[in-house]
Amino acid sequence: MDAYRIRSEPYYQRTGDEIALFEAAYAKRLPLLLKGPTGCGKTRFVEHMAWRLGRPLVTVACHDELSAADLVGRWLIDAEGTRWQDGPLALAARHGAICYLDELVEARADTTVVIHPLADTRRLLPLAARNELLAAHPDFALVVSYNPGPLARELKPSTRQRFCALEFHYPAPEMEAAIVAREAGVPLDVAAGIVAFGVRTRRLQGHGLDDGASTRMLVQAALLAAQGIAPRRACRMAVADALSDDPGVHEALVAALDASW
């Protein structure tokens, strides 16, 4: 599992008691559900906690074609014959890593149920194709995330009730500006202007826009500004032109941009 260890500390700005809550959940190996808008720092938080706890981190980006075999493993045929290859979930469970299933609701419903025996007191992963009942390593922990919203899929109650939940939001503007400035290497006043625009885009949610600018998008705008691109042009390229192709929504985004610069 050496390849899955995080060697240097991932930068994460604490916004509340989320670090202490994660550590308490991990101490009892309670599965965790991270809820929050896209690009608000959930993945970075998990990376930071894996580094902090000294555990390997196996990450899976879930999608609608993700099968149970993709998670648990399958038989492969090579020049030496037939051999079993653990999937990422089985790999983490067998060797005591943290397994992070990003955007779990995007996976197929028949795939999601394979985590159920791992996410309760049994801590078991059935590998039917191998006729093995894998008992999770004592250090194994399961973390999943999803982005709730009016158009988002819902987790089944049978899945949701197996998890403790941590809710994430975008940081306060002053803190978000400090994060953007540090991540992109731009002056704080430039970062503050970019964040002010981002906040305005979030007010358009529910008015033709599913999601406003994420912190990740604002960092990308700041990275362009660090390359000498004018901040307004950087925001248009990284945020306004990327968020929507709808003429009315795009016009509103440009108006928000004009109000910020």
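Two residues are in contact when they have heavy atoms within 4.5 Å of each other. Keep that in mind as we tour this predicted model, in which local features need pLDDT of at least 70 and side-chain atom pairs count only at pLDDT 80 or more, while totals for chains, interfaces and linings use all residues. Residues are numbered from 1 along each chain as its sequence is written, and side-chain values use heavy atoms, with hydrogens and water left out. Among contacts in the protein chain between residues at least 6 apart in sequence, 71% join residues at least 24 apart.

**The whole chain**
- You can find eleven helices and nine strands in the protein chain; these are DSSP runs numbered from the N terminus, with helices (H or I) of at least four residues and strands (E) of at least two.
- The C-alpha trace spans about 60 × 40 × 35 Å along its principal axes.
- Of the 261 residues, 46% are buried, where buried means under 20% relative accessible area, with a 1.4 Å probe and protein chains only.

**Charges**
- The protein chain carries 29 positive and 32 negative side chains, and the centres of the two sets are 5 Å apart.
- Lys and Arg count as positive, Asp and Glu as negative, and His and the chain ends are left out; each charge is placed at NZ of Lys, CZ of Arg, CG of Asp or CD of Glu.

**Nonpolar cores**
- A nonpolar core is a set of buried Ala, Val, Leu, Ile, Met, Phe, Trp, Tyr and Cys residues joined through side-chain atoms within 4.5 Å.
- The largest core has 32 residues, and those touching the most other members include Leu71, Leu89 and Phe140.
- Elements that each supply at least two residues of this core include strand S2 (57-61), helix H3 (68-72) and helix H4 (88-95); the largest share, four residues, comes from H4.
- Leu125 has contacts beyond its neighbours within four places in sequence, among them Val72, Leu89 and Leu133.
- A second, separate core holds 27 residues, including Val180, Ala184, Leu218 and Leu253.

**Two residues to look up**
- Glu176 belongs to helix H7 (residues 173-184) and counts as buried because its relative accessibility is 0%.
- Leaving out residues up to four places away in sequence, Glu176 touches Tyr170, Pro171, Val195, Arg202, Thr215 and Leu218.
- Glu176 and Gly198 are 22 residues apart along the chain, with 10 Å between their C-alpha atoms.
- His250 sits in helix H11 (residues 247-260) and counts as buried because its relative accessibility is 18%.
- Setting aside neighbours within four places in sequence, His250 is in contact with Arg236, Ala240, Asp241 and Ser244.

Methods. Buried means under 20% relative accessible area, exposed over 50%, partly exposed in between (1.4 Å probe, protein chains only).
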